[in-house]
Amino acid sequence: MSPDLDVPAAPYTGWTRKHWEDVADRLLAAPRRYATPGHGLIHLPGPASRSGRWSDAFEGFARTFVLAGFRLAGAGGADPDDLAGWYARGIASGVDPSSPERWPTIAERKQAAVEAASVAIALHETRPWIWDRLSDRARQQAVDWLAGMVGATMHDNNWVWFQNVVETFLASVGGPWDHGDIERNLAAHERWYLGDGWYTDGGTSNFDYYAGWAMHFYPAWYVRMGGPGAGELAETYRERLRRFLLDAQHLVAADGAPVFQGRSLTYRFAMLAPFWAGELSGASPLAPGLTRRLANGVLRHFVDRGAIGADGLLPLGWYGAFPRIRQLYSGGGSPYWASKGFAGLLLPPEHPVWTHEELPLPLERDDVLVSLPAPGWIVAGTTSDGIVRVVNHGTDRAVDGAPGADLPFYTRHGYATHAAPELLQRDARQPMDSTVALLDTDGVPSHRTSFVRVHVGGDAALGSRGRSRWWDLAAAGGDSAAATAWRIGPWLTTASVVRDGVEVRLARMDPADAESGRPGTADDDDPDAHLQTKTGPWRLHVGGYAVASDRVDTPLDRPVEVAAVTTDRGITSAVVALRGLDGAGVSTAVGTNPLGLRSAVPWVGTTGPVTPGEIHAAAVVLTGSPDIVDQAAAIRLDVSGDQVTIQWPSGERDTVVVPGPPTR
């Protein structure tokens with residue numbers, strides 16, 4: 001039986017700390033059924049990751065151990081379910097090299113580095129109840145196992161923190177550690193800081209929830225654990241986290257739904273980790289009642305929508321099971337990184353975040369329109385429907401500008417709390433939701449990956465540009481990294497201007513220099529130098545948000561220049577042709593969207609070849625208020641050369657420039 005709601009203290013969700021403890025206890029009880037006899041491995045159901053089932057079973061142990069650590073430490077050691085004893089036995093089995101339940105070493109499975117950090121954090125938080133009570137033999141074997149991290153090579157991204165956290169724990173128990181590892185990793189972390197609280201997760205355009213649940217969470221724990229130099233770094237990390245949370249608070253809808261963007265989304269409410277880190281470190285800029293409202297809203301959102309299955313487990317998915325959401329590194333234990341979202345249990349019951357009355361989200365007080373320069377996003381939230389949208393001109397996860405297939409979690413023009421990208425099979429045709437693409441003579445859409453930002457002016461406006469690219473499956477045998485996989489076409493420049501939750505999306509196609517992209521003609525450092533050019537003519541396609549539910553309806557009385565769909569939950573996605581687009585339609589699918597069984601994407605486009613240099617425009621709408629579509633249809637444009645003036649139905653105006661291609 002669930003705890004009683006406390007509506008006076010939590011008027012938005014009714015949830016209390018007891019609800020969090022109840023959910024944590026349920027999530028900890030179910031995995032025990034899948035543990036080996038000595039508890040060292042937990043073989044949770046689901047597809048195997050690329051690291052194999054042995055690694056996945058260790059992942060099941062380590063990630064649930066984090067949750068157990070927060071639960072046990074937050075209760076001051078009170079332990080009616082014997083968490084300490086159960087996990088202590090598992091540690092002793094896992095670190096014993098002669099045990100049939102031993103954990104893979106870092107040398108045997110690189111993925112073990114991720115789980116080593118989880119083990120280190122949980123051991124740190126539960127030191128009086130677990131570490132101090134392990135036998136001398138088990139403690140030494142644990143040190144020996146963790147010592148595999150010392151001197152190991154990490155991936156050049158958030159993984160550097162796994163090494164620093166583990167070596168910090170080792171130093172605290174008299175184990176080996178390497179000052180060079182620590183300094184190298186701290187320097188890498190500094191390279192990835194781009195200001196305003198935002199880190200890229202390695203690379204140059206890797207922006208997603210890892211900025212919070214890794215790039216801020218682990219530095220906070222490094223300081224909490226007393227890592228080398230932590231005293232000098234503490235205020236820097238706190239200030240950056242404080243600034244990040246000012247932005248991150250806007251990425252949650254009124255009903256608790258987080259924006260669906262970025263990889264590893266099966267971690268779900270792990271996105272709360274930086275909010276709890278802010279409270280625990282004294283860095284949060286949010287009032288305690290606001291943190292409570294936001295955290296309660298997110299966790300309840302997932303619980304109410306079936307994220308915890310009837311078997312008590314977190315499956316690979318978003319709400320229920322949806323295996324297509326997984327990455328190659330995801331196995332049955334992966335979803336339990338969601339345990340980070342329970343770090344707030346370390347705050348005592350009398351902490352203001354548990355006792356102060358819930359406060360409304362910024363979105364519940366007024367519309368939100370925020371530009372985030374670091375990731376290249378515009379965030380637009382509307383009080384009328386509680387929806388948050390992210391317009392993206394800065395995130396594509398390209399590797400050093402090299403061509404690659406569009407990643408649905410990164411390259412879309414728009415993301416939202418109430419829409420999600422279509423997730424097709426890898427060998428299927430490129431999906432066309434939330435896109436601007438050129439269609440070749442066979443109707444195959446171009447990819448957006450490897451674009452750069454362009455300045456377009458305006459307050460809530462962003463732009464980006466890249467060469468259109470096509471992935472030739474037959475020529476490459478399905479390998480998107482193969483040089484023969486790609487053909488390159490014209491420049492495609494897009495810009496977005498946002499008001500009242502509506503995006504005016506502008507696009508222009510321009511031919512490339514006749515020699516551009518031909519082998520041997522580009523500079524040595526040009527990633528396009530090896531690509532073959534592709535010839536037109538081209539058509540232009542503008543795709544709206546993909547919405548999904550049990551039923552999705554297409555209104556029959558819309559004008560021909562409007563494509564719209566509405567779900568049985570009252571969410572409408574629409575695209576309105578404003579300039580140069582004379583075709584419209586709706587694409588439907590079944591089983592391709594994590595938000596529901598049936599999905600639909602409205603779109604507009606050209607029925608004939610697109611004219612080079614001509615500016616095309618559409619209004620892109622995601623709303624709970626269908627009349628917004630009619631308002632979007634009333635938007636007017638004045639185009640003079642590269643300059644576009646948008647007149648909104650409210651009478652307000654925005655002027656931007658959609659520039660032509662760069663000159664060589």
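Q: Where is D82 placed?
A: D82 is in the loop between α2 (53-74) and α3 (83-95). Helices (H or I, at least four residues) and strands (E, at least two) are DSSP runs, numbered from the N terminus. Phi of D82 is near 55°, a positive value in a residue other than glycine.

Q: And what about phi of D500?
A: Phi of D500 is near 50°, again positive in a residue other than glycine. D500 lies in the loop between β10 (486-499) and β11 (502-510).

Q: Which peptide bond is cis?
A: The one from G536 to P537, with omega near 10°. P537 is in the loop between β12 (532-533) and β13 (539-543).

Q: What's the mean pLDDT of the chain?
A: The mean is 93, and 94% of the residues reach 70 or more. pLDDT is the predictor's confidence in each residue, from 0 to 100. Over residues 517-524, though, the pLDDT is below 50, and beyond near neighbours in sequence this stretch has 19 contacts in the model. A contact means heavy atoms within 4.5 Å. Where pLDDT is low, the predicted coordinates should not be read in detail.

Q: Okay, helices. At what angle do α9 and α10 cross?
A: Roughly 145°, and the axes of α9 (residues 217-224) and α10 (residues 230-248) come within 9 Å. Axes are lines fitted to C-alpha atoms, for helices over the stretch in contact, and angles run from 0 to 180 degrees between N-to-C directions.

Q: Which residues meet there?
A: P219, Y222 and V223 in α9 meet A230, L233, A234 and Y237 in α10. The residues of this contact divide into 7 nonpolar, no polar and no charged. Ala, Val, Leu, Ile, Met, Phe, Trp, Tyr, Cys and Pro count as nonpolar, Asp, Glu, Lys and Arg as charged, and the others, Gly among them, as polar.

Q: How many aromatic pairs are there?
A: The structure holds 39. In W161 and Y237 the ring centres are 6.1 Å apart and the planes are at 80°, so that pair is edge-to-face. Rings of Phe, Tyr and Trp (its six-membered ring) pair if their centres lie within 6.5 Å; planes under 30 degrees apart count as stacked, over 60 as edge-to-face and the rest as tilted.

Q: Where in the chain are W161 and Y237?
A: W161 is in helix α6 (residues 159-172) and Y237 in helix α10, so the pair links distant parts of the chain, 76 residues apart. W161 and Y237 are buried.

Q: What about Y210 and W337, buried or exposed?
A: Both are buried. Ring pairs also link residues into a cluster that includes Y210, W213, W221 and W337.

Q: What does S118 touch?
A: A62, V66 and W337, not counting residues up to four places away in sequence. S118 lies in helix α4 (residues 112-125), and at 3% relative accessibility S118 counts as buried.

Definitions and conventions:
Residues are numbered from 1 along each chain as its sequence is written. This is a predicted model: local features need pLDDT of at least 70, side-chain atom pairs count only at pLDDT 80 or more; totals for chains, interfaces and linings use all residues. Side-chain values use heavy atoms; hydrogens and water are left out. Buried means under 20% relative accessible area, exposed over 50%, partly exposed in between (1.4 Å probe, protein chains only).
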